[in-house]
Structures are given as structure tokens and as C-alpha cells.
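This report concerns selected local features of one protein model. Please consult the sequence and the structure shown below while reading.

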Amino acid sequence: MTTDENIRRIGELFPNCLTEQVDANGQVQLAVDFDRLRQELSGRAVEGSDEHYQFCWHGKRNAILMANAPTTDMLRPCPEESVDFDTTHNLYIEGDNLPVLKLLRKDYEGRVKLIYIDPPYNTGNDFVYNDHFVQSARAYLHHGEKKDRGAQSDTDIEGRFHTDWLNMIYPRLKVARELLSDDGAIFISIDHNEMVNLTYICDEIFGASNRVGILSVVNNLKGRSDDAFFATSNEFLLVYAKSKNLLSVKGFALEEEELDKDYDQQDDMGYYKLIGFRKTGNAWRREERPHLFYPVLCKQQCFSTVSKEELRLLYNPKTKAFDDQQLKELTERYEAEGYRVIWPRTESGEYGRWRWGMTTFLEQKDFNLALNPSGTLCTKMRATLEDGSLRMKTAKTLWYKSEYGTGNAAKQLSRLMGKSGLFDNPKSLVYMRDILKIATDEQSIVLDFFSGSATTAHAVMQQNALDGGHRRFIVVQNPVRTDEGSEAFRAGYKNICEIGKERIRRAGRQIKAETATRRDAGQDVGFRVLKLTATSAPARSAGE
């Protein structure tokens, strides 16, 4: 086995242990960071060199150690708080999510298609997890993040909060990666406070090459009126794949108004819109795809191209050079025969390449090519695909629907629960269903280990009811006590888990009532409650 193959295999197991280095020829090569690899294989914090570029904070080695350490906790079944305990495949787990994630590995390692989390945003408040990673100001200063032993500044306090947050999230994401299927992905909601740090962490844990996108989600169009300088209207959604090469992200169905507005032309095959035949965006130059560079000949609205022998004269694969003199002579010869000779050229005159190779061009040219009113060569993008289904539109990096707003989500939760003010800033069901649409199939397992008000569980059941799917949810929530002055406490909910479980019960009853007369009725709207316990009492595994 070659060195490159060994490095690749190490990267599949420990993507955080690979680093990029520039060789003597200026080429970027992957290499193994042996300090990180030693830490992954060690049962104690390993000292290492700090002379290379890396993302570090105090406690990082212990955070890695914490992710790798086994847990002695167990999951105790609670049938009395469950719905359809013996038949459901859904799980609601109460407890600290780090040991829970470790316990889930037994039954779910490599099986989860989608992980969605909305972790605590770092607003400077104390965390509720029992990792003992939250440092006092004295300990933070002692460990060298501030050399001046004088009074704390705002920067000192902010740095300590960043350190606390990083030590909280790192081991959880590290263990969560093991649960993802090879074609799975994790979606993480975050605001500006930790967006940059979270990106660094995910680049390390999942691999920068597996970063799928950083989306901006508008959830408050009016903006926060108490913000200085700019009124915040959005948060971010980070998306990482377990393996980008295996990931498939679906698009969204076209809306009726989009069909009417955009697909406004028609031929014998149906409605279509024209898009430029020349490739734009990534890899548009002819040097990057030489076999997609060829002339299109047009005469009397019919399209053709030159012979293979003529095409071979244009490019030398050994020298990787184009012969523009041959190009000029070829153009002049066919223009003399009455053809319009079309090359993929930019507005500035640079040569690019077409969207199709020669084989596809010859198959499609008679019914899927056309000139637009300005004479530009275009393809016909059809609203209906060959199987009769509507074309899907690619999801964009900016997400906005009025239904995404936190105000709308809060009203929807209040109607379901019969009480307002139970939970601050719940996520939108429409937003969560949109994530499910593009990131899951009908049999997927969906995990949320910062469940909060259980929006993810509700959305999974609702999406199953809408498309007849059989997705399963696993949601995890620490039973944080509600404040005694809160509406939730006054309504009888002593902790967050009680709110989440009741929401799932009510949502399940509502969905069953709405689908009772349908042929595909009988969706799984139950859930088994499991509670994390440190006792040695008999307990079932999560998958039983």
C-alpha cells in the first residue's frame, strides 16, 4: 500500500489528523499531523509541538480526551412517559448529550442520515452541561490566556466564554460524526458569536473538504431593534458531510408562480426556459475541460459540429495546448460555406467551454438547443423531467420564507400547546421540514441532540404525514429546570423535557386526526422515553 493510500485511510478515520503542506514544486499535499494522531490514540492528554498553524484554545486536548473516553452511564426505559412504547421506532432521550451520544454508538454508528442541532448560542451565560469544562475567571487567567494579572477586561471575559463554548461543543461533534452514515450530513444553526469558531472546529472534525455550505437564514426580517450599527435579521446554517463525494442534497420543488414566470416558452415537448449553453461558474475555462471545447455550427436554425478529425487538430493532449491558428482557419472555412460558427467565448473574448460533451450534444441538439432573441446559444431547461416529475430547483445559500420567522414559530407552538410563552425562540416547522426535504429520504434516521422544544421530532412526523415517508427521529435533551417565574413553570412544566414530550404527544394526536381517513394512515407518531442514569440498574440499549 502506498504512502498516499495510507494517508487517505487515516483521513477516513481521523479527518482532523490531516493537514495540508506545500511541496518543493508548490503543489498542495495532504500529510498526517502526528501530534493529533497520537492524541487520538492516547488515553491521556499528549503534549505536542505548537509550531504549526492550527486552531487551539485552552482545554482542547482534554476535549479530545473527553470525546474518546468511555461512559459507564446507561439508558433507563420509561414506558409510562412514552407513546406506543412497544411499537414505535422514535426515541426521546433525557440527559447530558455527550454520554448519550456515546451510548447511541452501539446501535446507530454509521446509520444516521441527518443530524440537525441548534446548540446554545454563546451569549455569555453559564452552560448547563456537567463536563466540568466551564472555567472560573481565575482559572482562565491562570492558564495563560491573559498574561497581565491585572483586572479582567471585556476581552478576558469574552475569551473565557469562547473557551467554555468550544470545550462544550468539540467532543459532542466529534462523537456525533461517528453516528453519521457515509452519505449523511450535519446541519448546525448558529449565530455570529461562534460562527467562525464553529467553522474551524467542523473543518477539523469533518474535514474542510467536506464543508458543503454556510447558509444565511433570515428569521427576523425586521431585524433586532436593540442592536447597535446593524439590526440582525439572520442566523447561519453550517452544513458538513461525512463524505462529500457520497452526499446528495436535493433541491426544492418549483412553485406554481415560478413555473408561470420562468418557464414561459413552449414547444412540442412542453414548457421550458433558455439558459446559456456556455458553462459559467466553476471550471469554465477550456483548459479545465478540453473535451467540452468545440465549435457549434448553425445554419437555418439547425445545429451541427465539425468532424472528429478536424476537432483533433484543435488540441494536443500531450502538450495540453490549443492551436488557435487551426481554430481561426476552421472558422473561416465554415463561415465561407454559410455557417455561423459559435465558440464558447466570454464577453471579454476568453475561450471557455460548453455544458455538454460531444456525445450529449449530438443526442440533444435537435430539440434542446436554441438561440435566444439576442443570438446567444442556449439550452432548453424543461420544467418537466423525462419521468414526468417537476424539475427541482437547487437550494441557495440564502434562505428566506416568512414562515421561518421565530415569531411565527412561537405562535404555532402556542396554538398547539394551548399556552403562550412556554419556550423562547423555537425553530420554525417549515424551516425544519425544508431541511428534511433536501437532506433525507423516506427511510432516514434523523438525530437532534439539542432538542429544545422538540421542533425536529414534530417536523419529522409532519413530513412523514405529507409525503408518506417513514423517517425516524432520535432527540436528546438535558432536563434543564424551568425558571420558577416563567410561564412554563406556572403551566406545570418543571423542565424543558416535559415541554418537548408534551409537544410530541399533542403533535402526534393532531397528525393522526388529520390523516385518519387517508389510505396511508398509520404513521409512527409514538416515541420511547429513555433517561440517562449512572446507576447499575438493568437498562435496555437505545435500539431495542
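Asn425 is exposed, with a relative accessible area of 56%; exposed means over 50%, buried under 20%, and partly exposed in between (1.4 Å probe, protein chains only). The model is predicted: local features need pLDDT of at least 70, side-chain atom pairs count only at pLDDT 80 or more, and totals for chains, interfaces and linings use all residues. Residues are numbered from 1 along each chain as its sequence is written, and side-chain values use heavy atoms, with hydrogens and water left out.

Most residues other than glycine have a negative phi.

| Residue | Phi | Relative accessible area |
|---|---|---|
| Ala283 | near 55 degrees | 18% |
| Asn425 | about 50 degrees | 56% |

Asn425 belongs to the loop between α12 (406-417) and α13, where helices (H or I, at least four residues) and strands (E, at least two) are DSSP runs numbered from the N terminus. Ala283 sits in the loop between β11 (270-276) and β12 (296-299) and is buried.

On the surface, Asp182, Asp183, Asp441 and Glu442 form a patch of negative charge. Such a patch is made of residues with over 30% relative accessible area and no salt bridge, like charges being joined within 9 Å; a salt bridge is a side-chain nitrogen of Lys or Arg within 4 Å of a carboxyl oxygen of Asp or Glu. Asp441 lies in the loop between α13 (429-439) and β21 (445-448) and counts as partly exposed because its relative accessibility is 34%.

The structure holds 0 disulfides, a disulfide being a pair of cysteine sulfur atoms within 2.5 Å. Cys78 is buried at 0% relative accessibility, and Cys378 is buried at 3%.

Notes
Patch = residues over 30% accessible without salt bridge, like charges linked within 9 Å, V, L, I, M, F, W, Y side chains within 5 Å. Areas by Shrake-Rupley, 256 points an atom, 1.4 Å probe, with all protein chains shown as cover. Lys, Arg positive; Asp, Glu negative; His and termini not counted. Charge placed at Lys NZ, Arg CZ, Asp CG, Glu CD.
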